[in-house]
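Visitor: I am new to reading protein structures, and I would like to be guided through one step by step. Could we look at it together?

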Amino acid sequence: MAERVGVLRHDAVDHLGVGAQVLGSQGLAIEYVDLWRGMPTPQAHDYDAFIILGGEMNADQTQRYPFLLGERELILQCAVESVPTLGICLGGQVMARAFDARVSAGDSPESAFLPIPPPPAGCAR
């Protein structure tokens, strides 16, 4: 059985793009979780890994987008249960806020798909 990756979306615009093909070619089953449509926030044990995508909102707009609070709880569960989790753009900001880190707006817009080299063998986590 393929490992399942839960992909949390905050709006209809953001998706994995070519990343879905890359992950699929590695035998991973992708399942979008549309939090913005009111889908329930999953639990850490519901998937083998998570990818948290971007969105137009701010990571601290929890009153307007209450699903962000559930997402923070999920991130903490994933950390405790060692479930791999990747945050992209807003997803990374929500991850930072889950651990009480400060986030702020950057000086310029950012959009890219760049290779990320693996860390050297034996690199401390």
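Guide: What follows is a set of questions and answers about this predicted model.

Visitor: In what order do the strands of the open sheet stand?

Guide: The open sheet is built from 4 strands, and their pairing is parallel. Strand 2 (29–34) and strand 4 (85–87) each have a single partner strand, so one side of each is left without a neighbour in the sheet, and these two stand at the edges. From one strand to the next the twist averages 20°. Read across the sheet, the order is 2-1-3-4.

Visitor: Which residue in strand 3 is the bridge partner of Leu 8?

Guide: Strand 1 and strand 3 (residues 49–52) pair in the parallel sense, and 4 bridges hold that pairing. Within this pairing, Val 7 stands opposite Ile 51 in strand 3. For Leu 8, the bridge partner in strand 3 is Ile 52.

Visitor: Which residues of strand 3 are buried on its two faces?

Guide: In a regular strand, side chains alternate between the two faces of the sheet, so each face has to be considered in turn. Both faces of strand 3 are covered. The buried residues are Ala 49 and Ile 51 on one side, and on the other Phe 50 and Ile 52.

Visitor: What handedness does the β-α-β unit with strand 3, helix 2 and strand 4 have?

Guide: Strand 3 and strand 4 run parallel and are joined by 3 bridges, and in one of the pairings the partner of Phe 50 in strand 4 is Thr 85. Together with helix 2, these two strands make a β-α-β unit that is right-handed.

Visitor: Is His 10 buried or exposed?

Guide: His 10 is placed in the loop between strand 1 (4–9) and helix 1 (18–25). A polar atom of its side chain lies 3.0 Å from the backbone oxygen of Leu 53, and a polar contact of 2.9 Å joins the side chains of His 10 and Glu 71. Residues touched by His 10 include Trp 36, Phe 67 and Leu 90. Because its relative accessibility is 2%, under the 20% cut-off, His 10 counts as buried.

Visitor: What is the relative accessible area of Ile 75?

Guide: Ile 75 lies in helix 2 (residues 67–80). Among the residues that Ile 75 touches are Ile 52, Val 94 and Phe 99. Ile 75 is buried, and its relative accessible area is 3%.

Notes:
Residues are numbered from 1 along each chain as its sequence is written. This is a predicted model: local features need pLDDT of at least 70, side-chain atom pairs count only at pLDDT 80 or more; totals for chains, interfaces and linings use all residues. Side-chain values use heavy atoms; hydrogens and water are left out. Buried means under 20% relative accessible area, exposed over 50%, partly exposed in between (1.4 Å probe, protein chains only). A polar contact is a pair of N or O atoms within 3.5 Å; within protein, one must be able to donate a hydrogen and the other to accept it, and residues adjacent in sequence count only if both atoms are side-chain atoms. Contact means heavy atoms within 4.5 Å. Two strands pair if DSSP finds at least two bridges between them. Axes are lines fitted to C-alpha atoms, for helices over the stretch in contact, and angles run from 0 to 180 degrees between N-to-C directions. A crossover is right-handed if, with the strands pointing away from the viewer, the path from the first strand over the helix to the second runs clockwise. Lists of a residue's contacts leave out its neighbours within four places in sequence.
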